Amino acid sequence: MYDITSVYQAKSVDDAIAALTADPQAVVIAGGTDVLIKIREGKLAGCRLVSIHGLTQELAGVTLAENGDVEIGPLTTFRGCTESPVIQKTVPVLGEAADTAGGPQLRAAGTLGGNLCNGITSADTASTQLAFGAILRVRGPQGVREVPISEWYQGVGKVALAHDELLVKIVIPQSHYRGWSGHYIKYAMRNAMDIATLGVSCLVKLTADKRGVEDLRLAFGVAGPVPMRCLETEQAMVGLPVEEAAEKIGPSALGEVQPRDSWRASRAFRLQLVEELSKRAFVEAVRKGGGAL
Amino acid sequence: MEILKCTVNGRPAELGVDPRESLADTLRERLGLTSVKKGCEVGECGACTVLVDGVAIDSCIYLAVWAQGKSILTVEGLRDPDTGELSDIQKAFVEEAAVQCGFCTPGIIMSAVEIVGSGKQYTREELRKLISGHLCRCTGYENILNAVERAVNTAHGFVGKES
């Protein structure tokens, strides 16, 4: 038995928004893999839930829009993301990242939208979505607005989502993924059922001869209070031969991250991970893009 | 109280549930299906794993009211309803001595049901990943992997073929 007062099962997105508008204290629940655990821990005691769990028709699934944009319903589970033919064809690294969260049962329940809306730095799919520059479509009583993921994170567990708004679509524009390859590395103490000590997602766009970096994205989880990109490192790698970029990317990233000491790992260890895993993720991204390293 | 209508182990069920219940609570307390174990109750140990519409989930972090209209399968639904004979997957766990204290067993068997049901053949490494949402503090997992492998092979006639 959970310590909750009520569960309202929304019948549609509009219905959920109306329920949230009517109850300023209500908590949205989707897959439940975060919210129910918080309740179990005694946080959110006595809360009233607005469940969007059943809104799969409106909010789940991955589709390819006519203009080539990848459109991900936020209720898509980690597993649904990994198994989606659209994801595998267009942004396979996101499916690979989703496949590192928790274990199989959790991946069948937890959602990509939840992974963004909880605002947590260790969220396994967040760094890759950040690297792709996803556009987050949000709906509230006043209608729909779009938030670039670069403006999404506002602090630990805080995102640019008002109480009465729902994330209704995650869009990865074609121009953001076409010609790019990527690799995500999760470092944790166990291979399953663990939270990332550090996560790094590296996307690379190679030059026509596959020997140089035309463009780069480098994003981290747990290297700061929220998922973050290393914008200076990304700029600094542009134009370099891949061999040189592989040597420079780690040391450069060190100058931009702010990991902290926590009971999971020390700051010093995380810095070591930033340096080494940036390189490894970059090398693998280059390989996937057809380059040799 | 809310009325929950769903299918449990192949039979239609209609019962009153408290909206605060997890599916694990409902299956254990209201339907007496005690193969569904409550271990960690935060979705880490996998002891409460059941299939909902064919997908293995942790029933401890699944609200009972979400099961409306869905089909739920637990270990109690695996035996032959007429003869009471164990399913091939359960037999594989017996044959491979994959059961020690038994607490994690029903959950792992339900994951095995999904794995076998996929109709695919898996490498040992893939099977390891597929059962990685379960904790077993007795066996060291080797015999469990043997059992899952045996169940897959028995079901699909892969015995003796290279994986």
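**The sheet.** I began with chain B, where five strands form an open sheet of mixed pairing, in the order S2-S1-S5-S3-S4. Two strands count as paired if DSSP finds at least two bridges between them. Helices (H or I, at least four residues) and strands (E, at least two) are DSSP runs, numbered from the N terminus. At the edges I found S2 (11-17) and S4 of chain B; each has a single partner strand, so one side of each is left without a neighbour in the sheet. From one strand to the next, the twist averages 40 degrees. Axes here are lines fitted to C-alpha atoms, for helices over the stretch in contact, and angles run from 0 to 180 degrees between N-to-C directions.

**A note on the model.** This is a predicted model: local features need pLDDT of at least 70 and side-chain atom pairs count only at pLDDT 80 or more, while totals for chains, interfaces and linings use all residues. Residues are numbered from 1 along each chain as its sequence is written, and chains are lettered from A and ligands numbered from 1 in the order in which they are written.

**One strand pair.** I looked up S1 (residues 2-8) and S2 of chain B, which pair in the antiparallel sense over seven bridges. B:Leu4 has B:Leu15 in S2(B) as its bridge partner.

**The helix on the sheet.** H3(B) packs on the sheet, where it touches S3 and S4 of chain B, and its direction makes about 35 degrees with that of S3(B). Touching, or contact, means that the C-beta atoms of two residues, placed from the backbone, lie within 7 Å.

How far apart should the ends of H3(B) be? The expected span is 1.5 Å times one less than the number of residues. For the 13 residues of H3(B) (105-117) that gives 18 Å, and the end C-alpha atoms are 18 Å apart, which agrees.

Next I checked burial: eleven of the 13 residues of H3(B) are buried, among them B:Ile108, B:Ile109 and B:Met110. Buried means 20 or more other C-beta atoms within 10 Å of the residue's own; 12 or fewer is exposed, in between is partly exposed, and C-beta atoms are placed from the backbone. The buried residues also pack against H7 (104-107) of chain A. Just after H3(B), I noted a positive phi of about 75 degrees at B:Gly119.

**Between the chains.** I found 25 residues of chain B in contact with 22 residues of chain A. S4(B) gives the most to chain B's side, with four residues.
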